[in-house]
Amino acid sequence: LTTRAKRVGGKVTALMGNHELMSGLMDDTRYVHKDEILLLGTKELDAMRELGGEGMGTSHGISAKWQTGTMVWHRSFGPDAKQGRRLRRRRPLATVAGTGFCKSLFSHAGVRSRHLDMFNGGIDAMNEAAAAAIQGKPDIGWLHHHPLYDNESPVWNRFYSSEDGDTAGDVCDEVNRVLAAAGANRMVIGHTVQTRGMRTKCGGKLHLIDVGMSSAYVGRGAAW
């Protein structure tokens, strides 16, 4: 998709989200389809058998396939693996794109003003710090408490998607602060499924566009 977009003058920016963080960097495969893990395990065991000859046996049980597949999955997101390098170097927390009123700040769960305050209001500086934190193989416990990856981070928080009417003013005040700092006019986020479809808040300045397109959630397509 990235290559096709470039051909017509467009651009695709893949952002870091909580599932990339979990399955790629925190060794948490709960949301990886079990068939994918088993397929990886089967291929790896078959390759091992071919290298080892008949002594490796001709079949393996599901437990062996699962354990091997999980090992292969974790290895594929290691710091020296192709997918691991891409995840660490090409997945910013946020990006600003568009012009005029459509100049928008995109992030997975929403950037808070305190995230920008750490870096003098700069999106680029925040993205650089986030990338630096995940180089190599960071400790999972440490990463989970890092201010750019913890439960209130741009990949995890649900502040902006709150349905509590008492927080509406707080949400819009925060949206205005973040947009002013980022030099954008709209904030666009996902993360929290909107079961009744995409919606806006704060006079159109906040767009919540996660409709659960995956069949694992709602399975309903939508276009923003």
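Helix α2 (18-25) and strands β2 (104-107) and β3 (186-189) each contribute at least two residues to the lining of the largest pocket. The structure is a predicted model.

**Largest pocket**

- The volume of the largest pocket is about 1,000 Å³.
- Its lining consists of 35 residues, and those nearest the centre of the pocket are H19, H108, H191, D210 and Y217.
- Helix α2 provides the largest share of this lining, with 5 residues.
- By class, the lining of the largest pocket holds 19 nonpolar, 12 polar and 4 charged residues.

**Second largest pocket**

- The second largest pocket has a volume of about 530 Å³.
- A total of 20 residues line the second largest pocket, with A14, Q83, R86, R90 and R91 nearest its centre.
- Helices α2 and α5 (82-89) each supply at least two of the lining residues here.
- The largest share of the lining of the second largest pocket, 4 residues, again belongs to α2; α2 also gives the largest share in the largest pocket.
- The lining of the second largest pocket is made up of 8 nonpolar, 7 polar and 5 charged residues.

**Strands β1 and β2**

- Strand β1 (residues 94-97) runs antiparallel to β2, and 4 bridges join the two.
- Within this pairing, V96 stands opposite L105 of β2.
- The two strands form a hairpin with 6 residues between them, and G98 has a positive phi near 100°.
- Besides pairing with β1, strand β2 supplies at least two residues to the lining of the largest pocket.

**Helix α7**

- In helix α7 (residues 123-133), the buried residues are I123, M126, N127, A130 and A133.
- The elements covering the buried residues of α7 include strands β1 and β2, along with helices α6 (113-117), α8 (140-144) and α9 (168-182).

Technical notes. Residues are numbered from 1 along each chain as its sequence is written. This is a predicted model: local features need pLDDT of at least 70, side-chain atom pairs count only at pLDDT 80 or more; totals for chains, interfaces and linings use all residues. Side-chain values use heavy atoms; hydrogens and water are left out. On a 1 Å grid over the protein atoms alone, a cavity is a set of points where a 1.4 Å probe fits but cannot get out, and a pocket is an open set with protein on both sides within 12 Å along at least five of seven lines; lining residues have an atom within 4 Å of a point. Grid points are joined across faces, edges and corners, and a volume is the space filled by probe spheres set on the points. Ala, Val, Leu, Ile, Met, Phe, Trp, Tyr, Cys and Pro count as nonpolar, Asp, Glu, Lys and Arg as charged, and the others, Gly among them, as polar. Two strands pair if DSSP finds at least two bridges between them. Buried means under 20% relative accessible area, exposed over 50%, partly exposed in between (1.4 Å probe, protein chains only). Contact means heavy atoms within 4.5 Å.
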